[in-house]
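The entries below follow the order in which I looked things up.

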Amino acid sequence: MRLPLALCLGLVALAAASQSPLQRRVVKEVLDYFHRRNSMHSLFKEQAVEGAVEREDSSGTFVQLRVGLVQTACKKQAPRQQNCRVLENGRKPTCLACYKFDSGDVPKVLDKYHNCGRSNYLAAKEIKHRDEAECRAVEEAGRGGDALYLPGMYAFSKGLPT
């Protein structure tokens, strides 16, 4: 029983070693996002990262990945512990994350999108189309034609009827 668990944790460590710094940052932010949700009472760990895409262009770096999570025996309120035991029959949600970083020395997040749920939920056709559209919008963030809109830049008023 301990051998498969040790093998799984070894594969996670190997996958983490092959990730770029931005991909590791996205995984960390996905875990933080997932744990901030009120409905979560247990602590979750990264189980696998699938379909990692990282593209650079003149406006920055786009990172997209699916993070498989696994439920642990630790409670969310407890300080983050490294030795939390994975629950064999625990929940195993998947999160899709799309991030766009600027091209500075310390990359700042220009835009992001998360969607977490059961893997069969994320595979539903409507959800998949919405995720693709949201990720395309994130990838477009920061491009030259994408002017930043700030509240108050434009004011439109309609006169009162007399």
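I began with C74 and C84 and noted that both are buried, a word I use for under 20% relative accessible area, with exposed meaning over 50% and partly exposed in between (1.4 Å probe, protein chains only). I must keep in mind that this is a predicted model, in which local features need pLDDT of at least 70, side-chain atom pairs count only at pLDDT 80 or more, and totals for chains, interfaces and linings use all residues. I also wrote down that residues are numbered from 1 along each chain as its sequence is written, and that side-chain values use heavy atoms, with hydrogens and water left out.

Next I looked up the bond itself: C74 and C84 form a disulfide with sulfur atoms 2.0 Å apart, where the rule asks for a pair of cysteine sulfur atoms within 2.5 Å. The torsion about the S-S bond of C74 and C84 is about -105°, and therefore I recorded this disulfide as left-handed. The pair links distant parts of the chain, since C74 sits in strand β2 (residues 60–75) and C84 in the loop between β2 and β3 (94–101), 10 residues apart.

How many disulfides does the structure hold? I found 3.

For C95 and C116 I noted a disulfide with sulfur atoms 2.0 Å apart, and with 115° about the S-S bond this link is right-handed. C95 is in strand β3 and C116 in strand β4 (residues 109–117), 21 residues apart.

C98 lies in strand β3 and C135 in helix α4 (residues 125–140), so the pair ties together parts that are 37 residues apart in sequence.

I then turned to the rings of Phe, Tyr and Trp (its six-membered ring), which pair if their centres lie within 6.5 Å, with planes under 30 degrees apart counted as stacked, over 60 as edge-to-face and the rest as tilted. By this rule I count 2 aromatic pairs. F34 and F44 are edge-to-face, at 4.9 Å centre to centre and 80° between the planes. F34 is buried at a relative accessible area of 2%, and F44 is buried at 3%. Y99 and F101 are stacked, at 5.8 Å and 20°.

Note on methods: Helices (H or I, at least four residues) and strands (E, at least two) are DSSP runs, numbered from the N terminus.
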